[in-house]
Amino acid sequence: QGGTVEGPAMEVSASPFGVESHPARVTEVVDVPVELTEFVLGRGFTCQAMLLRVKQQSDIQSIVVLPPAAGQQGAKLRIDAPGPEEAATARKLVDIHFKQQIKLARREQRVETLQTDLSHVQGELASGLRLEFRIDPELIGLAIGKKGARVRDAERLTGVSSISIGSSDGLVVVVGPTTAAVQRARELMELIKEEVPLETAQASWMLRDYGLNDLKESAELIVARLERNTSNLIMVGTKPAIKAARLVLDTQFEYMKKHAALEDAEREMRQQLRDIRGPGGYNPGRGGAQGPPPGGRGGGPRRGVLHPNGPPGQGGIAGRRPHGSFPPAPRAKEPS
């Protein structure tokens, strides 16, 4: 925008660079963007340095700031040049400066806004009302939960204002009304992953006697998984949950050793009993001998078994009399 006027008239201008008098051949008027009106009219050091540089680089005679006319908002610049080439060069330089000054002004405004936000955040950090920490990006999905369920639960349980998790870097930002609420939210949201190498016997115990679901529920883990190829136990949860899981494992493995020792002792004793019994020998059951010992109750001959020394005439059966019989009466002595 603007216009160009050519003519031999003598121009005397009172510019910010002093009074100049030259035979003006070309005059060009440039509109100042509304965003830069205050910048140009203020004639601060930056504006004057810019105009002076344009004058020196384009070899024009003068460049003058024209205030807005009545009823207008934007100011104008008048360029007085010895020829059209100098005027065009000055115009191009002015356009470049205007565009860059607008960009600088907008960026400075953003920086100022960020500075305000930074001061606010630093204040929150200093007071403990804002907390930042990182989690493994691999655990972001588990930390957020299905459709953000874990985040909402943590906000509800702790009363913090907001919990946000970076989708790529795992940065967690917690903002809350009190330091205690913020710290509690961190305990719930700071997930860690731990891999515990297990011995073969321990892995078998986990699969056979103490299930992974029991470990997960008792320690409140999010993930409890046994890698069959490596026998490594993968656990994911909060720091308190991982600590509790380790204590549970240590306790269970102590009992595993005791059970194993008793199992070995039982196996050895059974083998000894088999060796003593032999084919068709004494056959004890669990926990001791099976059935009464030889000789029946009380150690005597078993009922219905022939007694080698039984009284004559009684069938030689120990422990049993004929039905309805009584012991024979003693014989009377014959007279001598």
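Which residue does the side chain of Arg-134 meet in a salt bridge? The partner is Asp-169, with an N to O distance of 3.4 Å. A salt bridge here is a side-chain nitrogen of Lys or Arg within 4 Å of a carboxyl oxygen of Asp or Glu. This pair links distant parts of the chain, for Arg-134 sits in strand β7 (residues 130–134) and Asp-169 in the loop between β8 (162–165) and β9 (171–175), 35 residues apart. Arg-134 counts as exposed, at 53% relative accessibility, while Asp-169 is partly exposed at 34%. For these terms, buried means under 20% relative accessible area, exposed over 50%, and partly exposed in between (1.4 Å probe, protein chains only).

The model is predicted, so local features need pLDDT of at least 70 and side-chain atom pairs count only at pLDDT 80 or more, whereas totals for chains, interfaces and linings use all residues. Residues are numbered from 1 along each chain as its sequence is written, and side-chain values use heavy atoms, with hydrogens and water left out.

The protein has 336 residues, of which 32% are buried. Its secondary structure consists of 9 helices and 12 strands; these are DSSP runs numbered from the N terminus, with helices (H or I) of at least four residues and strands (E) of at least two. Contacts (heavy atoms within 4.5 Å) also reach along the chain: among those between residues at least 6 apart in sequence, 56% join residues at least 24 apart. The accessible surface, from the Shrake-Rupley method with a 1.4 Å probe, comes to about 22700 Å², and carbon and sulfur atoms account for 53% of it.

Side chains of opposite charge can pair when their charged atoms come close. Across the whole structure, the search finds 17 salt bridges. One of them joins Lys-193 and Glu-138, whose closest N and O atoms are 3.2 Å apart. Because Lys-193 belongs to strand β10 (residues 191–197) and Glu-138 to the loop between β7 and α4 (140–144), the pair ties together parts that are 55 residues apart in sequence. Lys-193 is partly exposed, with a relative accessible area of 38%, and Glu-138 counts as exposed at 54%. Elsewhere, salt bridges that share partners join Glu-28, Arg-91 and Asp-95 into one network.

Another salt bridge brings together the side chains of Arg-78 and Asp-80, at 3.6 Å from N to O. Here both residues, Arg-78 and Asp-80, are buried.
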